[in-house]
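Let's walk through this chain together, one question at a time. Have the viewer open as you read.

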Amino acid sequence: MPEDLNNMYRVRGHVKWFDPVKGFGFVVSDEGGPDILLHVNVLRNFGQSSVADGAGIEIMTHRTDRGVQAVEVISVDPPARTDTMMLADFAELDPVEIAAAPLEAARVKWFDKGKGFGFANVFGRGEDVFLHIEVLRRSGLSDLQPGEALAMRVISGKRGRMAAQVLAWEAALDD
């Protein structure tokens, strides 16, 4: 099926749902209209293997015989939070201080979504950095794969070094 990529258009919306195991999900445009298919390969080209439900997203799309599909991810914003619950490790930290922490290149060692945590190795350092599922959600991600490249803002928490923010490496290059 030939695809006419000359008829692409930019869409701003939010992730309705995304399942990294199935390899796809759907985006709802802020302007309304049909759901937009988001395939995991399009997300991987952006540098992520998952995206949190409810995350804001800007994509380039095009219409096919089977509906509207995303062809490029331009940006992802974390989902809006209605609660103020915070991890105890961050309760005493100033959000400005966290945002000022340098981005560190890392690779995911392992992450278990069911357990809600995992670890990453920061390039050039021997210690592991703790990754909590809530930090992923607040960063607009829902899951991580072993070997996935990340950029993280790391703090010294009550139990050691932990990620306070996680970004896809490619997205962090513009930060």
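This is a predicted model: local features need pLDDT of at least 70, side-chain atom pairs count only at pLDDT 80 or more; totals for chains, interfaces and linings use all residues.

Residues are numbered from 1 along each chain as its sequence is written, and side-chain values use heavy atoms, with hydrogens and water left out.

Q: How many helices and strands are there in the chain?
A: Helices (H or I, at least four residues) and strands (E, at least two) are DSSP runs, numbered from the N terminus. From that end, the elements run β-β-β-α-β-β-α-β-β-β-α-β-β-α. The count is four helices and ten strands.

Q: What percentage of the residues in the chain is buried?
A: Buried means under 20% relative accessible area, exposed over 50%, and partly exposed in between (1.4 Å probe, protein chains only). The chain has 175 residues, and the buried ones make up 45%.

Q: Which residue in E3 is the bridge partner of Phe26?
A: Two strands pair if DSSP finds at least two bridges between them. Strand E2 (residues 24–29) pairs with E1 (residues 9–19) in the antiparallel sense over six bridges, and Trp17 stands opposite Phe26 there. The partner of Phe26 in E3 is Leu37.

Q: Which residues form the uncovered face of strand E2?
A: In a regular strand the side chains alternate between the two faces of the sheet. In E2, the covered face holds Gly25, Val27 and Ser29. The uncovered face holds Phe24, Phe26 and Val28.

Q: Which residue takes a positive phi in the hairpin of E2 and E3?
A: The hairpin of E1 and E2 has four residues between the strands, and Gly23 takes a positive phi near 90° there. The hairpin of E2 and E3 has six residues between the strands, and the residue with a positive phi near 90° is Gly32.

Q: Which backbone oxygen does the side chain of Ser142 reach?
A: Ser142 lies in the loop between helix H3 (133–138) and strand E9 (149–157), and is buried, with a relative accessible area of 10%. Contact means heavy atoms within 4.5 Å, and beyond four places in sequence Ser142 is in contact with residues including Lys113 and Ile133. At 3.4 Å, its side chain reaches the backbone oxygen of Val51.

Q: Is Asn45 buried or exposed?
A: Asn45 has its place in helix H1 (residues 40–46). Its C-alpha atom is separated by 7.6 Å from that of Glu72, 27 residues apart along the chain. With a relative accessible area of 67%, Asn45 is exposed.

Conventions:
A polar contact is a pair of N or O atoms within 3.5 Å; within protein, one must be able to donate a hydrogen and the other to accept it, and residues adjacent in sequence count only if both atoms are side-chain atoms.
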